[in-house]
Amino acid sequence: MKIGYRTLKTAVGAALAIAIAQLIGLHNFASAGIIVILCVQVTKKRSLETARARFAACVVAIGFAALFFTVFGYHPWTIGLLLLLFIPVTVRLKIKEGIATSSVIILHLYAAGDITWGLVANEILLVAVGIGVALLMNMYMPSAEKELKEYQRIVEDLFRIILKEIVRYLRTNELDWDGKELPLAAETLDKAKKLAMRHADNQLWRNEDEYVRYFRMRERQLEIIEHMLPLVTSLVYTVEQRMMVADFIDELSDAIHPGNTADRFLRRLAEMREQFKAMPLPTTREQFEERAALFHLVRELERYLIIKSEFHPGNERKPQRLKA
């Protein structure tokens, strides 16, 4: 049986919160452990947001309890009426995460049968201890950097394989590739993006979303590749321009990495387009259709490269679109 780090933090935090609450002499000290269990979250930012919502909801709950129990008395139906109004208020105030914690506080006040300043202080301290210990436990989050870099490597390898298969077809017309790398790349990108978002939410003092941006960029590029494949398979005749495009994609596949090589390839693409224009015009309908499909393929390659270029906002030179 495997015990995860979040389970371990929850167990240690609950025990620590109960010990602290008991040590300082709080009533209902075991509830501090319940609050820790409710507050331990998967990311640091999520923990802070939840802590704020729970503390605010508990303060609101104490006010509601004082009003309702004073006006209507300590009856079960009073709790029902209180919750009937309290829950929509927490939703309106965007602190609905604190409903469960607040309900515990409300029941403490109901069981006491009398609301005093000492009892209110006791409940606020219970919440403070529980939330404080939960935040302390959540300050440690294992780094996802190594796993994200591995996802990066896998995605780039899959892209390389796909582009090499495109090159092979352009050069040989052989179509025996099963295409399994396409769904595998999509699945890997989905997992990587979720992990990258969690990693970004664990960076409290800096906005580190480079991995999120990277995997979204690759996701957009994969869509372009999927658009390119029907164009590639529609090519059946061997023309000189087809071999030029194959050589270009072959070189591009060898340069897949997180760094910025897009501007260099965009310039190469523009130069190749000028070479196309200088070549003799097609003499048959088949050649014309082949050239048109290749022209469309070059457009898709341009879109692919521009997406990568935009991933590096510090570029001195903005990518120039090919002229029609």
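Predicted model: local features only at pLDDT ≥ 70, side-chain atom pairs only at ≥ 80, totals over all residues.
When the lining of the largest pocket is divided by class, six residues are nonpolar, four are polar and three are charged.

The volume of the largest cavity is about 90 Å³, and the residues that line it are Arg218, Gln221, Leu252, Ala255, Ile256, His257, Thr261, Ala262, Tyr304, Leu305 and Lys308. Two or more residues of this lining are given by each of the elements α9 (210-233) and α12 (285-310), with α12 contributing the largest share, three residues. The lining of the largest cavity comprises six nonpolar, three polar and two charged residues.

Helix α7 (residues 145-172) packs against helix α10 (residues 240-253) at an angle of about 160°, the two axes being 9 Å apart. Because angles over 145 degrees count as roughly antiparallel, α7 is described as roughly antiparallel to α10. The crossing in which α7 passes α10 is left-handed. On the α7 side the contact is made by Arg160, Leu163, Lys164, Ile166, Val167, Tyr169, Leu170 and Arg171, and on the α10 side by Arg242, Met243, Val245, Ala246, Asp247, Ile249, Asp250 and Ser253. By class, the residues in the contact of α7 with α10 are nine nonpolar, one polar and six charged.

In the second pair, the axes of helix α5 (residues 99-112) and helix α6 (residues 117-138) come within 11 Å and cross at roughly 155°. This crossing angle therefore makes α5 roughly antiparallel to α6. The crossing of α5 and α6 is right-handed. The residues of α5 that take part in the contact are Ile105, His108, Leu109 and Ala112, which meet Leu119, Glu123, Leu126 and Val127 of α6. The contact of α5 with α6 contains six nonpolar residues, together with one polar and one charged residue.

Key:
Residues numbered from 1 in each chain as written. Heavy atoms only, no water. Axes fitted to C-alpha atoms, helices over the stretch in contact; angles between N-to-C directions. Helix = DSSP H or I, 4+ residues; strand = E, 2+ residues; numbered from the N terminus. Parallel < 35°, antiparallel > 145°, perpendicular 65-115°, else oblique. Left-handed = near helix turned anticlockwise from the far one by under 90°. Contact = heavy atoms within 4.5 Å. Nonpolar A, V, L, I, M, F, W, Y, C, P; charged D, E, K, R; others polar. 1 Å grid on protein atoms, 1.4 Å probe; cavity = no way out; pocket = protein on both sides within 12 Å on 5 of 7 lines; lining within 4 Å. Points joined across faces, edges and corners; volume = space filled by probe spheres on them.
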